[in-house]
Each structure stands twice: as C-alpha cells, then as structure tokens.
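Please read this report alongside the sequence and the 3D view.

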Amino acid sequence: MEQLKTIGRELAMGSQGGGWTGQSKEFLDLVKSIGEARSKAEEDRIILREIESLRRRIAEPDVPRRRMKEYIIRLVYAEMLGHDASFGYIHAVKMTHDDSLSLKRTGYLAVTLFLSDDHDLIILIVNTIQKDLRSDNYLIVCAALTAACKLINEETIPAVLPQVVDLLAHPKEAVRKKAVMALHRFYQRSPASVSHLISNFRKRLCDNDPGVMGATLCPLFDLITADVNSYKDLVISFVSILKQVAERRLPKAYDYHQMAAPFIQIKLLKILALLGSGDKQASGHIYNVLGDIFRKCESSSNIGNAVLYECICCVSSIYPNAKLLDAAAESTSKFLKSESHNLKYLGIDALGRLIKINPDVAEEHQLAVIDCLEDPDDTLKRKTFELLYKMTKSTNVEVIVDRMIDYMISINDNHYKTEIASRCVELAEQFAPSNQWFIQFSVSNNFTFQTMNKVFEHAGDLVNVRVAHNLMRLIAEGFGEDDEGADSQLRSSAFNIELLFLHSELEFIYGNSTHIAAKILNNILCNKFLKMVLIFYSCMCLFS
Amino acid sequence: MVRLYPNRCQLVGSAFISGFLISLVRSFIHFVILISRQGKVRLTKWYSPYQQKERSTVIRELSGLILTRGPKLCNFVEWKGFKVVYASLYFCICIDPDDNELEILEIIHHFVEILDRYFGSVCELDLIFNFHKAYYILDEILIAGELQESSKKTVARLIAAQDSLVETAKEETGSISNMISQAM
C-alpha cells in the first residue's frame, strides 16, 4: 500500500512536468500559507512545523533522490526565512556527490547558502569539488567553480588551485570566466598562496571573450589598489580596451540601455583613476579617451549617468587637465540641476571631489547645495553635510558648524549623531580663528559635553576621547598669552568647562544604570592624564 | 594658533580605509536581499560573513529603513557605515561607501531584466515559487560579491543549458517504468 501511495505521488509530480515549479503540491501549499500568514508569529509557527516534519522525513531510509532534492529546497527556504535547519546540511553535502546535474546543482546551491568556508562539513565537499573541476561536462565544472568561490578557504586552496589554474585555458568561456573569479577570490582569502600566479590575470585581460576580459578587471582592480606601480605598464592596454568599448567594437550582447558595455567601461574608469593618480605621464595617455566618453555619454539614462559620474571621479583623481575638469564641472552642474534625487546626490558627491582640485568651483553652486541641505531626504542631507565638511574654512566654520549642530539635534540615529558631533569638534578645532573662540564656542554650545555623554554612551569612540583629551591639554598648558586679563578670562571659562564636564559626568552616572557608570569611571580613571588635569586645574582656578 | 594634533579630519575615514587594505577579504557587494512591500523575505544572498542572528537583525533594520522611504527620494541610504542601494519590489544591495551607487542601481535593473526574460514578465509570484531558480540566475551575474557577467544573453544561454540538462534528467527518471522499478 505504501509503495502504491508513493507511485501515485510520483505520478502526480511527474505530470506537473516542467509545470510551474516542478515541486510538489505540498511545497506550493507551504509557500502559499506563508504568504497568507498575517503575522511573523504565525509564519514562524508554520515554518517550525515544516522543519519538524522535514527532520523526520529526511532521516527515513531510502528517500528517493528527487524527493530529497525537494526537501533540501524546502530547507533552503526555511533558512532564508531565518530559521535553523542545520540537521539538513549533511544531506545537502551528500547531494553534491550525485552524478546527475540536476541534483548536484541543487546540492551545490544548498551548501553555498547553508555553509560558510570555515564549516566542519567543508572537508566532505572539497573532494567532490576537485573531482567536478575535472568533469567533461562544462556545466558541472561551472557549478563546482561557483561553489569554490564561496566555500574554499585558506586551508583548502592548495587542494583545488592547480585545477583552477588549468581551467583558465578551458575552451568554454563560461568556465574561464568563473576560473578567473575563483582565482581572484583565492587571492583575497590568501594572497601568499596565489601571488606566484598573478601573471595569469594579465593574460586573461587579452582573452578573446569580452566576458572573460570583463571579469579579469575585478582582480586587476584589487591588485592595482594594493600596488599601483607594478601595473603602470598596463595603462596603454587599458586605454586601448576602453577606446574599443566606447567605439562599440564589442558584441551587441554587451549593450545595456543603448550604452556599449557600460559596466566594463565603469570598471576600466576605476582602474585608470588609480593608475593616473599623481602621475602626469600615465594621465597623459588617458585624457583623449576620457574626453571621448564625456562627449558620447547618454545623459538621459541612469546607466549613462553612472558612467558620466565615474568619468568625473576619474578626472578628479588623475593629474589635472583643464579641459576635462571643465567637462566634469559641466556634468556636475547638470546633475545638481536635475529633478532626480539620485542625480543630485551624485552631483553633491562629484562637487566634493572637484573642490579638492579647485575650491572655487563650489561658489557657483551654492544655491543648489543649500537646497539639498534643506531637502527632506535624509540621504541627500547627509551627503551635503559631507560636502560642507570638505568646504570648511576659517571664514565659514561658524555657519557650517551651527548648521551641523542643528541637524544633529534633530536626528535620532545615535551612531550618526556621535559622528557629526565629533566632526563638528574637529572642524571647530582645526579652523577656529583663535583658541579663545574655540573654548568659548565649546562652552557656549555646551557642546563637547554632549559629545562626551554620547561618547561614553557608545563605549568610547577613540577619536572623541582624543579630542576631549586634547581640549583638556590645551587648557592645562595655557595659551602663553601675556595679557593677564585675557588669560584669567580664559581660565575662568576653562574652569566652567571643568565644572560642566564633571557635572555632566555625575549626572550621567547617577542617572543611568550601574554598568554604564562603571564604564565611565573606568574611562576617567584609565585616562590618568585627564583626571590629573581636571583635579589640578579645578584647584588652581579655585585659588586664583 | 596652537595646533593640537595634525589634521585628522579623515581620521575615522583613513582608519577605515587602512583596515580595508590590510584585510583583502572584502566584498564589493556585501549582500543582496529581496523583500516584499510587507517586509517578507523573498531572497537573501550573503557575500560577507553574517551569522543567522545577525542576518535577521539586518533584514529587520533595513526593512524599517527602506520601506518607510517615500517614492521620489534617493534610491540610496546610509546604514551603519555602509551604503544600501534599493529598487522597487525592494531589491536591496549593500556596498562600501566608496562605490558607485548608480551603477549598483543599474546592476539591480540588469538582474531584474534577466529575470524578466527568463520568467516572461516576472512578477512577485514567480520569485516566491521559484526562488531557487532566481538564486541560480543571481549566481551567474554576481560571484563573491562582484559583477561576473554583464551580458544578458550569456547569462540566459548558460541558464538555458543547465535547465535543458535538468529537464532531460527529469524526463528520464519521470518515465513510468522507471518509477515502477524504483518502487520495487
């Protein structure tokens, strides 16, 4: 009877054919019921029930392979929704041993989703990956390479490295491409194991297939970031490739929204930005192609603007060229004037890069920048503050810091609050017209103390503690000013600072739970200098 | 003017950058999440290490952050020192702060267009019931957090090749005589 029931079920599954999922009705029902669940609690109940049922069934002897495949998929589903299905991991591993592509592929998918590269079960998979990397069926090789990118770690690299290197010369481009990505991943995991093979990346740059070439740009970018000088000889090659891409010499399959291989263009622009930085000669090779891209770019599509933005980044990074900087400024202008928030955001970012080269370029866009500052979109606001931070000088520090303080008070995100606060203090400290101004500024804003409170609240941010420490040192050292009046005035403001500082600490200690109090005390006591300064100076001020 | 210490405006920034260079295990893309308008999870792919508990927290926080954003705002948000780029139906991709946000937005669209081609005008239901197929497709576009393939045609061809082999295998095992002999 049992067997007949099984056949019936198999027939039902089979008759769904490719159907709409090829999975059983049971699975469909499960997904539907999750979709209709009205609360997370209900969803959790359903999934936990499902997990229990799978736990029983998966342990039964002689589960047909196709059924096991479905169980594994259901377990992937359960884990995706945040539950633990670790009892199923071993079955997924076993499935990778299967000869049929359908099952092997599911096994690999499941293990890459379930496991991380330091999991105990990985040793059971490495042999399979090794075997599959040598398979005649290129699709199996691809599946193994994809899995290797996730699951191979420093220890297991040697087991698969030779095959992966061999696969760089495989007749199928899909395999070569994945082999490049795998080798890159190995390099990231353990540079020492792969450093003797880096020349392979240079070779793949000349691969016939644009997909492989495009994939090779990923590892080359990382290598160049780490050691730019060793790759200066490739500037001309990269420029040549970029030129060909921009001239539409790549197959149409790489077109995206009327742009020629834009993702490849972007990668190349990033690489050239690194190679040309601070190097007049290298930059000289890049100017022409950059000019071409500026001219040809479609500014009506998102991807066109993405490429334009990357051009601006490149121009502002390499050795300055007046014409290109003008083109960049013009594009930035268009971004800022656009209706789209995304483009305004990019415009603000681009402006931030351009003012490093020519601070005056910001003047023209003041109104646009203020608009962004007042925009209800938080993301845009924050980006604009970053720009202001770069634009601060002695002449505008007060205005800018005032704005930043206002904003800081209005937001709820504590992590960000601390960040803005410490930046304000840094700016005030760096650009303050005079020390006296700085002290007065701190006191009048009761500002450093808000920072300090937040600092201890968030378990001590090193930057902020250092700022406070230095403020205290400044006070302790005095200013070397001869004017008695000025000095005592400063000292009395300093005294106020001490008092306020201690006061806010005490308030904080008594007003909060003991473990935070302990932390603060610990901080103060650990910073002996701070403590000494506080005590010494308080006494001095009392007696003077 | 007493300079207290050298200009450390970028102190936090540079600490971040030097940390980044020392550890070469970085991902361009840290994770890809697909959530519905009601915050239900449809797809999650993690390219950086995140424990199961952390994953739930991430999803909850991002849902709260992104689902409440109005329609005309930027498709980017800052979150915990990273950036998250999102697009409708709420595909969310988390990247490092220095990366090109608009490019990532277009990578999302590239993925959606490929799904569209594969399912024929993809809708949420397709992704709900065929999430494992969406994973196969994602694995052809992104690998180890980087863009692996920018040609739709190439991705479609590879997926089709895999599917047809899977179908053949299914047909072979699906024949009735096979089933009966398996049951014996």
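## Two helices of chain A

At the start of helix 19 of chain A, the backbone nitrogen of Asn342(A) has a side-chain oxygen of Ser340(A) within 3.2 Å. This is a polar contact, defined as a pair of N or O atoms within 3.5 Å; within protein, one atom must be able to donate a hydrogen and the other to accept it, and residues adjacent in sequence count only if both atoms are side-chain atoms. Helices (H or I, at least four residues) and strands (E, at least two) are DSSP runs, numbered from the N terminus. Helix 19 of chain A covers residues 341-357, and its end C-alpha atoms are 25 Å apart, which agrees with the 24 Å that its 17 residues should span at 1.5 Å a residue. The expected span is 1.5 Å times one less than the number of residues in the helix. Of the 17 residues in helix 19 of chain A, 14 are buried. Buried means under 20% relative accessible area, exposed means over 50%, and partly exposed is in between (1.4 Å probe, protein chains only).

Helix 21 of chain A begins with a contact as well: a side-chain oxygen of Asp377(A) comes to within 3.0 Å of the backbone nitrogen of Thr379(A). The 14 residues of this helix, 378-391, should span 20 Å, and the end C-alpha atoms are 20 Å apart, which agrees. Helix 21 of chain A is mostly covered, with 11 of its 14 residues buried.

## How the model is to be read

This is a predicted model, in which local features need pLDDT of at least 70 and side-chain atom pairs count only at pLDDT 80 or more, while totals for chains, interfaces and linings use all residues. Residues are numbered from 1 along each chain as its sequence is written, chains are lettered from A and ligands numbered from 1 in the order in which they are written, and side-chain values use heavy atoms, with hydrogens and water left out.

## A hairpin and a domain in chain B

Strand 1 (residues 29-35) and strand 2 of chain B pair in the antiparallel sense over five bridges. Two strands count as paired if DSSP finds at least two bridges between them. Leu34(B) has Leu43(B) in strand 2 of chain B as its bridge partner. The two strands, 1 and 2 of chain B, form a hairpin with five residues between them, and Gly39(B) in the turn has a positive phi of about 85°. In strand 2 of chain B, six of six residues are buried.

UniProt, in an unreviewed entry, places the feature "domain: AP complex mu/sigma subunit" at residues 29-164 of chain B. UniProt positions are given in the numbering used here, feature names are shortened, and annotations may be inferred rather than shown by experiment. Over residues 29-164, chain B is 48% helix and 24% strand, with the end C-alpha atoms 31 Å apart.

## Salt bridges

Side chains of opposite charge can pair when their charged atoms come close. A salt bridge is a side-chain nitrogen of Lys or Arg within 4 Å of a carboxyl oxygen of Asp or Glu. Over all chains, a search of the whole structure finds 34 of them. Arg42(B) and Glu124(B) form one, with the closest N and O atoms 3.0 Å apart. This pair links distant parts of the chain, 82 residues apart: Arg42(B) is in strand 2 (residues 41-46) of chain B and Glu124(B) in helix 4 (residues 124-129) of chain B. Arg42(B) is buried at 11% relative accessible area, and Glu124(B) is partly exposed at 25%.

In chain A, Glu247(A) and Arg249(A) meet in a salt bridge of 2.7 Å, N to O. Glu247(A) counts as partly exposed, at 34% relative accessibility, and Arg249(A) as exposed, at 53%. Lys252(A) and Asp255(A) meet in another salt bridge, at 3.9 Å. Lys252(A) is exposed at 68%, and Asp255(A) is partly exposed at 21%. A network of salt bridges links Glu26(A), Glu50(A), Arg57(A), Glu70(A) and Arg74(A).

## Cysteines

Cys313(A) counts as buried because its relative accessibility is 7%.

The sulfur of Cys372(A) is 8.7 Å from the closest cysteine sulfur, in Cys74(B), which is too far for a bond. Cys372(A) is buried, at 1% relative accessible area.

Definitions and conventions: A disulfide is a pair of cysteine sulfur atoms within 2.5 Å.
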